[in-house]
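Biologist: I am new to this structure and would like to go through it step by step. Could you show it first?

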Amino acid sequence: MKTWMKVVLGIFAGIGVLLALIFWLTGDISKAGDDFFAAAANDDIEGAYALLSSDFQTTTSKEGLDEYLEKNGLDNVTETSWSSRSISGSTGSLEGTLTTAKGDELPIKLKLVNSDAGWKIQSISKERAGFQSDRSSSRQPLPSKLEALSLTKATTSDFVDGMRAPTMEGFYGTFSSQFRSDVSLQKLEEGFGSFKGKNFDMLNGYTPVFSNTGKINDAGILRIDGYYKTAPRLKFTYEYVFEGVEWKLWGIDIEAIPLGELGD
């Protein structure tokens, strides 16, 4: 055999060993993904929920997970195929295609974290059907106006409850795990000290006036701006990150504005 042929065969043999090593090293994360969708297909929501990270479970109930899986056609998966798998330190990612009982093929992305109990799913991302721009194809699609309204009303209601409660622990729990890892409950309460104890119940009876129903920046943060027609006007900016299976609060800015300054 000629020398160059030996070299080429040696290279291919090396690639084969490398691929085998990659599949072996990432076997645990692919198993976590396989087991999750198998449990969902068998109506074992307890088993599927157990494969979520503690952060994921903190922000999503079993009922919420069940609803998400059914709504997105992920509750009847018959086959998983992972085209991309990687591990970096204590985090991992899976990207591939799910085949459903109807024969549909759905693109899916999973983020995972390593824990004492093994690899757990940190987030699930399914690309929305329909037209997508190249710029937005790699991130979460922009929520519809109805979804933006629902997000805003939920955040405002949580804010109202937090200002009225003895502590803001409940409101703090609605923030993303990323926010809570950077900002303590004490810091949040200090930031809203001037609002604490005041009654904002009337806000639940108002529909917000939007100046922006949703923009997503390059970091994947969703921003919604608007105000409530109270006296004085209550102007807000809510920011969210996609975590688990839904948008979670990332930042909030609320300011009382005198009448007429917003041009209404």
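Biologist: How many salt bridges does the structure hold?

Modeller: This is a predicted model. In general, side chains of opposite charge can pair when their charged atoms come close. The number of salt bridges that the structure holds is 6.

Biologist: Which residue forms a salt bridge with Glu46?

Modeller: Glu46 lies in helix α3 (residues 45-50), and its partner lies in helix α5, 16 residues apart, so the pair links distant parts of the chain. The closest N and O atoms of the pair are 2.8 Å apart. A salt bridge here requires such atoms to be within 4 Å. The partner of Glu46 is Lys62.

Biologist: Turning to the sheets, what is the order of the strands in the open sheet that contains β1?

Modeller: This open sheet has 4 strands, with antiparallel pairing. Its edge strands are β1 (77-88) and β4 (118-126), each of which pairs on one side only. From one strand to the next, the twist averages 30°. The order is β1-β2-β3-β4.

Biologist: Which residue in β2 is the bridge partner of Ile87?

Modeller: β1 and strand β2 (residues 91-100) run antiparallel and are joined by 10 bridges. In β2, the bridge partner of Ile87 is Gly92.

Biologist: What space lies in the largest pocket?

Modeller: The pocket is lined by 32 residues, and the closest to its centre are Lys71, Phe242, Val245, Glu246 and Trp247. The elements that give two or more residues to the lining include α4 (54-59), α5 (62-71) and α6 (145-164). By class, the lining has 12 nonpolar, 11 polar and 9 charged residues. The space in this pocket is about 930 Å³.

Biologist: How many cavities of 30 Å³ or more does the structure hold?

Modeller: A cavity is a space where a 1.4 Å probe fits but cannot get out. The largest cavity has a volume of about 30 Å³. The number of cavities of 30 Å³ or more is 1.

Biologist: Which strand gives the largest share of the lining of the largest cavity?

Modeller: Residues that line this cavity include Phe159, Leu203, Tyr228, Leu234, Lys235 and Ile254. By class, the lining has 7 nonpolar, no polar and 1 charged residues. The largest share, 4 residues, comes from β7.

Note on methods: Residues numbered from 1 in each chain as written. Predicted model: local features only at pLDDT ≥ 70, side-chain atom pairs only at ≥ 80, totals over all residues. Heavy atoms only, no water. Pairing = 2+ DSSP bridges. Axes fitted to C-alpha atoms, helices over the stretch in contact; angles between N-to-C directions. 1 Å grid on protein atoms, 1.4 Å probe; cavity = no way out; pocket = protein on both sides within 12 Å on 5 of 7 lines; lining within 4 Å. Points joined across faces, edges and corners; volume = space filled by probe spheres on them. Nonpolar A, V, L, I, M, F, W, Y, C, P; charged D, E, K, R; others polar. Salt bridge = Lys/Arg side-chain N within 4 Å of Asp/Glu carboxyl O.
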